[in-house]
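Please read it with the structure open beside you.

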Protein chains: 2
Amino acid sequence: MNPMKVGLLGFGVVGSGTYAVLTRNAEEISRRAGRQIVVSKVATRTPAKAVAVFGDKVPVSNDMAGLVADPEVDIVVELIGGTTLARELVLTAIENGKHVVTANKALLALHGNEIFALASKKGVMVAFEAAVAGGIPIIKAIREGLTANRIQWLAGIINGTTNFILSQMREHGLPYETALAQAQQLGYAEADPAGDVKGIDAAHKLTLMASLAFGIPIQFSKAHIEGITDLDQQDIVYAERLGYRIKLLGITRRRDQGIELRVHPALVPTKRLIANVEGAMNAVVVNGDAVGDTLYYGPGAGSEATASAVVADLVDVTRLHTSDPGNRVPHLAFQPSALSDTPILNMEDVRTCYYLRLSVEDRSGVLADLTRILADHQISINSMMQEQDGENRAIIIFLTHESREGDVNTAIKTIEAMPFVHSSITRIRLEHLD
Amino acid sequence: MNPMKVGLLGFGVVGSGTYAVLTRNAEEISRRAGRQIVVSKVATRTPAKAVAVFGDKVPVSNDMAGLVADPEVDIVVELIGGTTLARELVLTAIENGKHVVTANKALLALHGNEIFALASKKGVMVAFEAAVAGGIPIIKAIREGLTANRIQWLAGIINGTTNFILSQMREHGLPYETALAQAQQLGYAEADPAGDVKGIDAAHKLTLMASLAFGIPIQFSKAHIEGITDLDQQDIVYAERLGYRIKLLGITRRRDQGIELRVHPALVPTKRLIANVEGAMNAVVVNGDAVGDTLYYGPGAGSEATASAVVADLVDVTRLHTSDPGNRVPHLAFQPSALSDTPILNMEDVRTCYYLRLSVEDRSGVLADLTRILADHQISINSMMQEQDGENRAIIIFLTHESREGDVNTAIKTIEAMPFVHSSITRIRLEHLD
C-alpha cells in the first residue's frame, strides 16, 4: 500500500520530535496504521536546521503556501504556532482537501469554529490531540472514551510551567519570582513567560475541552482567566497546613444556568490524586454521570511527548481517512449540527468555595462582625483558623462553603472597609473536586 | 437517520446499567453518535427482571440464538459472562455479520484470537473497552492514543476487589481474612472470591493489554499469576516503613529476550501516583519511548461505570461501522497480519527487584553469610533493615537491585537451608516503575 505522505509546516521542537518518532518507530507505526507514514516535504521559516536533518532525502524549503497546495502531501502537520499565518495555511490546506494535524491550541481556541466548519464541509479530518495536555490522549478520552456520559465537570492541571513553579514554591519555600527564574533556567518557562503564568495557555486548552465535553462552540473570549503571578508563598503554606495544595486549574462545569469556564489558582484537598501531580506534569479529571471520576496523567509538553500526540493523530487519520466523512468521529465530539447554545456564565455567577485570608485587629467583637458580614451575603463558613500576628494583630483564614462569586466579592469589599481590617483580603478559590 | 439497533445478551448488573445509560443520556449520545442507539431486543436466561423494565416496549426472551440471528439487530452486546455459551454466541453473531461489544475479559483472554480472526474475516467490529479496567478508556488509550510509541512496559491495578482488600489491610491494620469479609459484605467481593483474589481476573485483563501494547497474540496460558491470599499484614507494615505500598499489579514489559507477563503483589514506591490509588479504584501506567509515563485512573467495576465503556463502544461502532473494514482501527491495535511472535518469558527469566524478609539467629557472622550467598547468586542489595525480634532473634529485610527471578529462588533455597534461619523467607517483588 502507498505510504501516507506528511508535509511538516515548521521544524522546531515538536517538528523535529515528530520526525524522530516517525523514523525511529517506523516499523511499529506501520504495523499499527496498516501503511507507512512518511515525511514527504518540509516548509519552515529557517530551513537550515531541517536541511541538516533531512539532507537531500526530503525537500525542505520556506515555501509554506507551496506545501499546503502540494498534491504529494496527504496530511499537513501545522507546527509553526501563532494564529495569523497558521490560520491561513490551515484553511488553505483544508480547502485543498488535505487532512490537518495541529498542536496549535491558540489557533483552535481563537479560530477553531471556522476551521472545523470548513473541515466538515470539505470532508477532511482536523486532529489536535497535541494541542491539549501534550502526550496525554485526553482529547480522545473525552471525544470517544466517555461518549456514554453526560459530563458534569472537568478540572485539569494543563500548564506544566505553572505547575512546576507552584511545586517549587511549595517544596522549597521559594517566592514566585525565584521559582519562575528556576523554571526559566531549566527550560520549563520561556523568556517571556506571560502566556503561561497568566493562565492564557491553560485557558486555550480548557476552552477546547469544554467544547468537547459539553457540545458547545469554542468560546475563548468568554473564559475567565487568572494566572499565578499574584500568589503569595504564605498562602501555599497555610493551604498545606489546612490539608490543601494550590494548583492552577482549568475548570469547566455544567450548571443549570449555564457553563462555568475558568482558569485560576485553587486549593485542592491533598488527598485528591490530582493534588499530588507535581513538577511539569499535567493531569485532567473528568466527571461523568455514568462513570464517575476518571483521571488522565502524563507529560504536558516536551519534544517527543508532544510528538507522541501528533503521530497518534497521523495514525488516526491514516486508519480512518477512507471512511465516510459524514459518519466519522466528529471533530468536537458532537455532530456539528448538534452543538448547543448553552451560555457561558459570568464569573460573578460562578459558585464555588473560597479561602479568605485577613489581617485584623486582635480584639473581641471582630470575629462576630466578620461572620455577620459573611452571613449577610449568604456566605457560610466551613472552617476557620486564627493565629497571632505580632502584637494586637491576628491572621484569620476562612474556608467557606459553596457561595456565589459576586456575593463573595461584595462581602470582601464590605469587610475591607471595616476599621479593624489591616490590609486587603486574599481570596483564593477552593475546589473539592467531589 | 435510522437508529442503530442493539441486542442485549444478558440483563444483569452491566446490562441494566447499559440500558439505564442509553436511556437517560439518549439525547447527548445521539448528538455524539449522529443517530440514535436503541435497545431493540433482549435475551437473558431469566427474562422476568428484564420484562419488568421493558414491559412490552422491547421484546424480551430467553432465545439467545434467536437474538444473534435477528436481522433487526445491528450490534450484539454480550454480557452473559462465561466462556462456552458466550463464545458460541459471539462467533455466531460475527458469522451473521453483526458487530459485537463485550465486557467479557475471560472470553477474550481465552478465545480472543479466534474471535478477532473471524471478525476480521467478516469485516465487523468487536469492541471490548469494558473488559479492562471498567470505565477507564484504557483500551482506546493503548490502541489509538499511544500509537506513536514503542511501548516499553505497562503496570496496572486492574482488580478493584483486591485493591480494596489491600487498602483495608493497610489503613486499618486488618488481616487478609477480615478485609476479605468486609469486601464481601460491601459487595466488592463475591461469595466465591477466587477469580479476584487469586489474580485470575487481573491476568485476563493484563493479557489483553499486553497484546494491544506489543502486537502479540493473546496468550493467557503463558501469564504468571499470583494473588494476594498469602500476603501477611506485617509485610504491608514493613513496606510502609520503607516507603512502599503493596499493590496487586499486572505487569507486562518488553525485554530483549521476550515479554514479561505477570500478575503478583508488588511493593511500589509511595511517591508514585499509582501507589496512592486506594479502595476499589483501578489505574494503569503505560511507558512509551516517546511520551514517557502516562497514567489512567478510574472505577474498574460497577454497573454504570462498566456501562460507560459498553456505551462508548456502541458509539464507536455507530460512528465507524460504514468505514472500509480493511482500513479501520485494528481490534488488537496492530494489523492482524502484523502480529509478532516475540515469546513470553518464563517467570524464572524475569528480572525485577525483591523484598526479602527473614527471621534469623541474632549473632555476628549471620549477615556476612547472608550477603555472601546473595552475592554468589548475582543478587546485589539496595538497602537493608534489621530489628530485634525477641531474644536472640532478628528480622532482616533486604531490598535487592534488579535480579533474575531464578537466581533469587535458588538463593532463597540456599539461605533457608542454613541453620541460623528460623523460618521460610517471605519474598515479594518490588517495582520502581521508573
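**Note on the predicted two-chain model**

1. In chain A, 6 strands make up an open sheet with the order 3-2-1-4-5-6, and the pairing is parallel. Its edges are strand 3 (60-61) and strand 6 (126-127) of chain A, each of which pairs on one side only. Strands here are DSSP runs of E with at least two residues, helices are runs of H or I with at least four, and both are numbered from the N terminus; two strands pair if DSSP finds at least two bridges between them.

2. On the basis of the reading: this is a predicted model, in which local features need pLDDT of at least 70 and side-chain atom pairs count only at pLDDT 80 or more, whereas totals for chains, interfaces and linings use all residues. Residues are numbered from 1 along each chain as its sequence is written, chains are lettered from A and ligands numbered from 1 in the order in which they are written, and side-chain values use heavy atoms, with hydrogens and water left out.

3. Within the chain A sheet, strand 4 (residues 75-78) and strand 5 (residues 99-102) run parallel and are joined by 4 bridges, and V77(A) has V101(A) of strand 5 as its bridge partner.

4. Chain B likewise has 6 strands in an open sheet, in the order 3-2-1-4-5-6 with parallel pairing. Strand 3 (60-61) and strand 6 (126-127) of chain B stand at the edges with a single partner strand each, so one side of each has no neighbour in the sheet. Strand 1 (residues 4-9) of chain B runs parallel to strand 4 (residues 75-78) of chain B and is joined to it by 4 bridges, with V6(B) standing opposite I75(B).

5. Between the chains, helix 7 (residues 138-145) of chain A packs with helix 7 (residues 138-145) of chain B at about 125°, their axes 10 Å apart (axes are lines fitted to C-alpha atoms over the stretch in contact, and angles run from 0 to 180 degrees between N-to-C directions). That makes the pair oblique, the class left over once angles under 35 degrees count as roughly parallel, over 145 as roughly antiparallel and 65 to 115 as roughly perpendicular. K140(A), E144(A) and G145(A) meet K140(B), E144(B) and G145(B), contact meaning heavy atoms within 4.5 Å. The contact residues divide into no nonpolar, 2 polar and 4 charged (Ala, Val, Leu, Ile, Met, Phe, Trp, Tyr, Cys and Pro count as nonpolar, Asp, Glu, Lys and Arg as charged, and the others, Gly among them, as polar).

6. Inside chain B, helix 14 (residues 366-376) and helix 15 (residues 405-416) pack at about 150° with their axes 9 Å apart, which makes helix 14 of chain B roughly antiparallel to helix 15 of chain B. L370(B), I373(B) and L374(B) of helix 14 meet A411(B), T414(B) and I415(B) of helix 15, and the residues of this contact comprise 5 nonpolar, 1 polar and no charged.
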